[in-house]
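Hello,

I am handing over the structure below. My notes on it follow.

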Amino acid sequence: MKVVLFCGGYGMRMRSGASDDVPKPMAMVGPRPLIWHVMRYYAYFGHTEFILCLGYGAHHIKDFFLNYEETTSNDFVLRRGQTELLSTDIADWTITFAQTGIESPIGERLRRVRHHLDGDEMFLANYADVLTDAPLPEMIDKFAARDAGASMMVVPPQSSFHCVELGEDGLVGGITAVSELPLWENGGYFVLRQEIFDHIPENGDLVADGCAQLAKRGRLVAHQHRGFWKPTDTVKERAALDEAYTRGDRPWAVWERDTAGAEA
C-alpha cells in the first residue's frame, strides 16, 4: 500500500533562525531525521512505496536520500577498502519526490499527488513528524472491513494543562487534567480511500475539509491508540525524542523488535 507523506511545511516552531530552512521532517532524532523514522515504521509493516509531498526546504529531503549513507545505521564489513553491507535500510524502497507547492495546505498537497497513487482504492497518509508504536496492520484491517471513506488514528490529549470548572459566582467547582477528559485528538496517521478526494476542494485541508465532510456523512472512523505517540511540533519535543533515542528508549522503532529478540 502506498504511503503519502506531507513534508513541505515551514515548521516555524522548529526553526532556530531566519536562515534555517530545514523542513520539520528533517529534524534529527538520533543519527537520522524524523522522516526516516516514520518511513522505517511503515517499511517494517511492508509498505515501502512512498510519495513525498515536498514544499519548503525540499532540497534538504532530496539531498538526504540522493546521498544516503547506509553505513550510518547498518553493520558492514570493510574489506580491501570496499564496503560490504550486512543489512540495508532503504534498498527496497520506492520513493517519489513530488513538489506540491510552498504555501499549499495539506489537502491541496494530497490532491496534487493523486495521479501517483495509480488509482489504488486504499492508501496511507502521514504528517511525517509524529512517531508512534501503533499496530498498523490492525488499523488497516479494521478500516478495510468498514464501509467508510477514511480512518484517522486518534490519541488522548497530550496537554499537561488543567481545565477549570467555574460557577456563576466565580467559585471553582472542579479541576480536571486535560489528559483525563473524554476527548481525543488527531494522531496524524490516516488510512484513506479515493473517496477522500470528493471532499477536498482546491486549496482545501485534509482534516478540516475532507475528514470533516466524511464525518458529517458518517463515513469517518477513528482508531483509538493509547500507546506510545509523540509529536515534534517544538524544539523541546524533538530534543526529548533525541534524548530518548540516545538512552535506548525508543518504542516507536518497531523495526528493532526482531533484532532485540534475536539478541536475547
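**Aromatic rings, cysteines and charges**

Y41 is buried, at a relative accessible area of 1% (buried means under 20% relative accessible area, exposed over 50%, partly exposed in between, with a 1.4 Å probe and protein chains only). Y42 is also buried, at 0% relative accessibility.

This is a predicted model, in which local features need pLDDT of at least 70, side-chain atom pairs count only at pLDDT 80 or more, and totals for chains, interfaces and linings use all residues. Residues are numbered from 1 along each chain as its sequence is written, and side-chain values use heavy atoms, with hydrogens and water left out.

The whole structure holds 15 aromatic pairs (rings of Phe, Tyr and Trp, the last by its six-membered ring, with centres within 6.5 Å; planes under 30 degrees apart are stacked, over 60 edge-to-face, the rest tilted). One of them joins Y41 and Y42 edge-to-face, at 5.4 Å centre to centre and 80° between the planes. F65 and Y68 are stacked, because their planes are at 10°, with the centres 6.5 Å apart. F65 and Y68 are both buried. Y41, Y42, Y44, F45 and Y189 make up one aromatic cluster.

Zero disulfides were found in the whole structure (a disulfide is a pair of cysteine sulfur atoms within 2.5 Å). For C7, the nearest cysteine sulfur is that of C53, 6.6 Å away, which is too far for a bond. C7 is buried at 1% relative accessible area, and C53 at 0%.

Two arginines sit over rings (NZ of Lys or CZ of Arg within 6 Å of the ring centre and within 35 degrees of the ring normal). R193 has its charged end over F143, 4.4 Å from the ring centre. R250 lies over the face of Y245, at 4.0 Å from the ring centre.

Regards
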